[in-house]
Amino acid sequence: MIESNPPLLHHYGTLVRNPSNLVQVDQQRHIGGLVQAEECQLPLIDLHGLKSPDTRESLECARAICRASSEWGFFQVLNHGISPELLQSMRREQLKLFAAPFERKATCGLLNNSYRWGTPTATRPTQYSWSEAFHIPVTKISEEACYGDDFGSLRGVMEEFAAAMSNLAKLLAGILANNLGHRKESLEDICDSSTCFLRLNRYPACPISPEMFGLVPHTDSDFLTILCQDQVGGLQLMKDSKWVAVKPNPDALIVNIGDLFQAWSNDVYKSVEHKVMANEKMERYSIAYFMCPSYDSLIGSCSSTSPESSSVYRKFTFREYRNQIQQDVQKLGHKVGLSRFLLQ
């Protein structure tokens, strides 16, 4: 039988068998077995309100987006403009892609050679992600060479899907920029579809769940992320200093603020730590759209909501931020993030 799953258990076992990690494994198992994250309902915003002829209703919808970005860093959107048919087509193509033999996914250069699995940099079990993914620049989606002979139908669906996600990201980012006292174009000047990414995720069923991360705790290193997920669940976020589980909504997309928007807004909007927990019996699928600037774009605090307040972060480029993350991961085993760029 040709195996489609990556060798996650073998790789994880190598980490576990390291004697220096045995205590940590026991601690992780103890915590995972006793702590059940409380389920939460993220702020749910109907974007139809933005088109209302009633100015008060459209303004309230925009305020709800900004309020959720400040208080939660996460929210859900309904009537987002991406058709159920397109979402179903994308899911169908995603299932077909991940069903390909592991060796083909890993060695045949599919989707700009963007396949990845597990956590190659992990030195401890708590740094390991039980998942596989394709992380592809939007600019590469239209290139025929990315798809090989068997995935030609994926190309057109991904192009349509990425364009729809881009439009939604620009809409939401424009509202959030306007709330800071800036034109929506001010953000579009540094973020356009050519610098964004699409990530297709699969989280295989995990025999050592519930102690296993599908995706380790992290914040997103972008401006804005839009997530389309199935109904399996597993996404958790940090709220009021505790982990809460996000209840899936089949009609909604999830939006979260990234590190760069937190810095750009001078901490008005919050980039919140989140993770995915593996499921013992069911595989999970999701697709994330990452709204990113060009590598040389300068990120500086631009919030004018409090003119008297000084900038929290020094100015930095996206390239500098990514390089710092890579250095920290290699040296420390984890991302440090925005605290590296604080002025005080």
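Which residues form one aromatic cluster? They are Phe-98, Phe-102, Tyr-115, Trp-117, Phe-134 and Tyr-285. Before I go on, please keep in mind that this is a predicted model, in which local features need pLDDT of at least 70 and side-chain atom pairs count only at pLDDT 80 or more, while totals for chains, interfaces and linings use all residues. Residues are numbered from 1 along each chain as its sequence is written, and side-chain values use heavy atoms, with hydrogens and water left out.

Searching the whole structure gives 14 aromatic pairs, where rings of Phe, Tyr and Trp (its six-membered ring) pair if their centres lie within 6.5 Å, and planes under 30 degrees apart count as stacked, over 60 as edge-to-face and the rest as tilted.

Take Phe-223 and Trp-264, whose ring centres are 6.1 Å apart with planes at 75 degrees, so this pair is edge-to-face. Phe-223 lies in the loop between β7 (213-218) and β8, and Trp-264 in helix α9 (residues 259-264), so that the pair links parts of the chain 41 residues apart, helices (H or I, at least four residues) and strands (E, at least two) being DSSP runs numbered from the N terminus. Both Phe-223 and Trp-264 are buried, meaning under 20% relative accessible area, with exposed over 50% and partly exposed in between (1.4 Å probe, protein chains only).

Tyr-295 and Phe-318, by contrast, have ring centres 5.6 Å apart and planes at 15 degrees, and therefore count as stacked. Tyr-295 is partly exposed at 33% relative accessibility, whereas Phe-318 is buried at 2%.
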